[in-house]
Amino acid sequence: MNSSQLIGITTFTYLFSTILYAALFIFKTKRLGPLATIFTIIALLVQTAGIGLRWLESYQMGMGRAPLSNMYESVVFFAWAIIFIYLIIEWKFKTRIIGAFAVPFAFLAMAYASFSSGISKEIVPLIPALQSNWLIAHVVTCFIGYAAFAVAAGLGFMYLIKNTSETRQSSNDTTLLGSLPPLKVIEDITHKTMVFGFLWLSIGIITGAIWANSAWGTYWSWDPKETWSLITWFIYAITLHARYTRGWGGTKIAWLAIFGFVSVIFTYYGVNFLLAGLHSYGSN
Amino acid sequence: MKNRNPIWDFFASVKLALFTLFFLATTSVIGTIIPQKETAQWYIDRYGEASANLLQILSITPDMYTSAWFLSLLGLLCINLIICSLDRFPGVWRQIKADNLASPLTRLEKMTPQSQWQSDNSSASSASALKTALSSMGWKAKERLLDSGLLLFAQKGAMTRTGVYIVHTSILVIFAGAIIGSALGFKASVMLPETRSTDKVYTFDTHAAVDLGFEIRCDLFNIEFYDNGMPKAYRSHLSILENGNVVKEKSIVVNDPLSYKGITFYQSSYEPYQEFLVTITNKKTGLNENVVIPYQEQHSFEKSGLRLGVINAEARGQSVSKIKIWLTDDNGDPSLFWLDDGEQVTVERTKNNYTVSAKQMYATGLQVAKDPGVWTVYAGCALMILGLVVAFFMSHQRIWLYIREETDGTSSILMTGNANKNKVNFEKKFQTLTQAINKI
């Protein structure tokens, strides 16, 4: 058993988790709930083992570096972080339906990592620019932030779906969407998840700046990746201020959660492929 | 209420903050799509003369992030942050310093969460028992005697109300650090061939020469490769010289620079030459000579009477990995041998033995930075993380206990409280607290 196989398995386990959570949501089969949770926890453990094994394999290959240094590895870690954060939210807010909106992101990320022809799964050694202790701190903090924003976007979708149905007909528990948490609760969790993501994005930008300074002598050079991370930071800063001080809520915040995540995806993915810059090593 | 000044109000408004952030976010996109810091000709080739002109007039090229309009937006954000914080902070400070024992009972009676219970003890002994119990749970209560009984008040995290202002201040501190850096520091680069030294570097933006005040020498540059041919390390051995004496030496790689007198040298690029650094030592006499010789040209060592040339080389891209040397001291046939780049070998001749080492000559590309503002920036960053944690995850929690003296010598207790954030969590905490003390 090698790390690629373990990580490959995760793609299918997250697909199955998605199906379980979707079934829980659509058929309201309450019995499926614990099953979905347990299955997702096991899938996360398998993925953790896969990432750990990949780390170990890099040592066996004589290059010993954290599995966080190219597009494939970062997408895998992104999926890991989404599931990790989702499970915390499930445990903290005691609601499983969110899984139907959050777990698919992890599945899609894993499917992309596994099946896209554009990204290499090979374990290659670190180029000189990446040989830094800041690598782990920078990548981990950024991706915790990104993953939280992914879950927040899922919650945003959930809010919008529930909201449309409530305005169309009087809310009652017999409809499909009756099983979703009340709008107020969705909004509250969305907000808290965004706040959590904002803190980690901030730390991610800061660790990146410190790293850049130790590598190039400039903590900020307005390279496209840096600039886009800042644009994303601005979008969430706007969202938080609008909510705290101008009382924005409901659909506006839900849309901002989705819009913010689009910016996250562009920062993470779009910049590497569409724009040139210092972060080009993330593109293969 | 003070008389509101409309200009002050404008700069203190959150609307302005939202507007500025929105404008910064959208305009920042432009500079990520239109490449920055290229030459005027590059823009003309790419976009045509008319568009290139327009971009320049709008200061989008060559560097929009240092253009007057973009810096003005950042300046506006700063002014907004300062005025809005000055506007709101006094009110927040009043809340922190408020005399909560003066809270009117009528207000406390209406607050939620709330809990009431009876005690057989007098108000005075209830109060002291409650104070002890609360303090064992980390709530230090103050008390005040009222006409009808006693009021206890305890709070946690009053100062957490400053969290938002810590974040606002941190942004200003970061800007201050950036201004210090750009006013008192420089960003420069230099291409330094092996064995050479320089006391001047050239700035990025204007290519002006900067006097270092000391000399820096590149003793050696080499590239290490992984087995698969990927570069593993770019390494420059640097020496700092003051009045010709070496005062500091360090082998730098990417991510591990050399600092001296506030100026830091970063490994950034390199340039391979078609020349070789050759060192020859006569093993008997110890006579040592260093030379730089071009590829396939013969060199005569005057002191030792040797003649030597690099006649062949194997390269990986631009980097030589093996060198073939031709050497003669005119005693017997010339020696012909291969050695690895940077390797030292012993050559046995009829009369003398020599050690020969040879390597391809490189220039190391160094980025040179002096940034006295960087620690201010880092302090601002630390402050920002602290502020965000305080602002988002900590709350100001307050509890009041009103202990009313009853006519029969017993007392009745009303407990209430609030938190400025995370109210659900506070209510749970309040329940636990109530259950712990409502038997008193």
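These legends describe close-up views of a predicted model. Local features need pLDDT of at least 70, side-chain atom pairs count only at pLDDT 80 or more, and totals for chains, interfaces and linings use all residues. Residues are numbered from 1 along each chain as its sequence is written, and chains are lettered from A and ligands numbered from 1 in the order in which they are written.

**View 1. Strand E18 of chain B pairs with E3(B) and with E19(B).** Strands (E, at least two residues) and helices (H or I, at least four) are DSSP runs, numbered from the N terminus. Two strands pair if DSSP finds at least two bridges between them. E3(B), residues 149-156, runs antiparallel to E18(B) over 8 bridges. There, B:Gly149 bridges to B:Arg404. E19(B), residues 411-419, is also antiparallel to E18(B), with 9 bridges. B:Arg398 partners B:Asn418. The E18(B)-E19(B) hairpin has 5 residues between its strands, and B:Gly409 takes a positive phi near 85°.

**View 2. Strands E14 and E15 of chain B form a hairpin.** E14(B) (residues 319-328) and E15(B) (residues 335-340) pair antiparallel over 6 bridges. B:Ile323 partners B:Leu339. Six residues lie between the strands, and B:Asp330 has a positive phi near 65°.

**View 3. The largest nonpolar core has 96 residues.** Such a core is a set of buried Ala, Val, Leu, Ile, Met, Phe, Trp, Tyr and Cys residues joined through C-beta atoms within 7 Å. Residues with the most contacts inside this one include A:Phe78, A:Ile82 and A:Leu155. Helix H5 of chain A (residues 134-168) gives the largest share, 15 residues. A second, separate core of 40 residues includes B:Ile252 and B:Ile323.

How values were computed:
Buried ≥ 20, exposed ≤ 12 C-beta atoms within 10 Å, placed from the backbone.
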